[in-house]
Amino acid sequence: MSLSQWLLIAGLAAATFATRLLGYLAGDRLRQSRFAFVLEDLPGLIVVALVASSLAGTEPKTWIAAALAVAIAWVSNNVVVTMSAGLAAYLALGVVIT
Amino acid sequence: MTRGMLSILPLAVGAALYGLAFGVLAAQAGFPWWGVGLMGAGVHAGSSQIVAVDQFSTGSGLVGAVFAGAIMNLRYLGITASLAGILAALPLWQRLVALHLTSDENWALTMSERRKDSGVGAAFLLGAGSVMFVTWSVSTAVGAQIGTLLPDLDAAGLGFAFTAAFIAMARSMAPRRISAFLPWGVTFGLAIGLMSAGMSRALAILAASLAGLALAALLRKSGRHA
């Protein structure tokens, strides 16, 4: 693995454990502080931004597949099901819309 | 502890599938199977791993990727905070292990079982956590091994697999109040707009989510005064 790959793993591992440890040590103080809403809201917003940024500038078939994936996700609420069915839809659309 | 190990098995199956899928993606993004397994063991948080690998492989740079992944794990601040009482009786090293093993599934399962039976506590958490830990590390490594053997799936829509995974993650995090979707709409639209205007993906994600967060803060404030 390259140095950056090692650092990615080490960095994320350290950051994640630090987060778990900090939560345990800080206890309720963080949850009751006025910044508690950040814990709840930011991760979801990041994921939404990730979806948007991965769709930006792509062809219509990708957007359609994404819309289908949203529907599948809504119904199944399952990552693996959404990934498989979404990917299948994407590939099928690729065949249908050339 | 055995009770915890057995109770989590159904959830472990789901985690194994997710791990396999992630492993394939990570391998396609250039990570060897042992590196992916190491990441699974060291991070033990699927959603952050998939975000970090995605950001890393699409050129966000090391810091951006770690940062994005770390943000995904902010909820653990609240999760481990709620474990303070349960873990207090354990020796220090077991507390640290229990913290590392804390994931959405074994935490949620422990808390819900505890409501039915107050005897459920640290031992349950550790048992369930150990099963998830082994499941996750092994399945991601196996997935990566499979992913290494598969041809380059980029053309076949690998990128969309990430998109679909994020869509699924967003759905599971979907707010319950309709008004809470406003920040989501703003973030989504802004991210598209910023990228169309030429901003880099990493910066667009950061700017768009912060804008959404600002709106969320405003909405909460006005909600309190209503």
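This is a predicted model: local features need pLDDT of at least 70, side-chain atom pairs count only at pLDDT 80 or more; totals for chains, interfaces and linings use all residues.
## Basis

Residues count from 1 along each chain as its sequence is written, and chains are lettered from A in the order in which they are written. Local features need pLDDT of at least 70 and side-chain atom pairs pLDDT 80 or more, while totals for chains, interfaces and linings use all residues; side-chain values use heavy atoms, without hydrogens or water.

## Helix α2 of chain B

Helix α2(B) spans residues 9–28. Helices are DSSP runs (H or I, at least four residues), numbered from the N terminus. The 20 residues reach 29 Å from first C-alpha to last, close to the expected 28 Å. That expectation is 1.5 Å times one less than the number of residues.

Its buried residues include B:Tyr18, B:Phe22 and B:Leu25. Buried means under 20% relative accessible area, exposed over 50%, partly exposed in between (1.4 Å probe, protein chains only). The buried residues of α2(B) pack against α5 of chain A and against α3, α4, α10 and α11 of chain B. Contact means heavy atoms within 4.5 Å.

## Nonpolar core

The largest nonpolar core has 67 residues. Such a core joins buried Ala, Val, Leu, Ile, Met, Phe, Trp, Tyr and Cys residues through side-chain atoms within 4.5 Å. B:Phe22 and B:Ile50 are among the members that touch the most others. B:Ile50 touches B:Phe22, B:Phe166 and B:Met169, among others.

## Salt bridges

There are seven salt bridges over all chains. The rule is a Lys or Arg side-chain nitrogen within 4 Å of an Asp or Glu carboxyl oxygen. A:Glu40 meets B:Arg220 at 3.7 Å, N to O. This pair crosses between chains. A:Glu40 is exposed, at 61%.

Terms used: Helices (H or I, at least four residues) and strands (E, at least two) are DSSP runs, numbered from the N terminus. Lists of a residue's contacts leave out its neighbours within four places in sequence.
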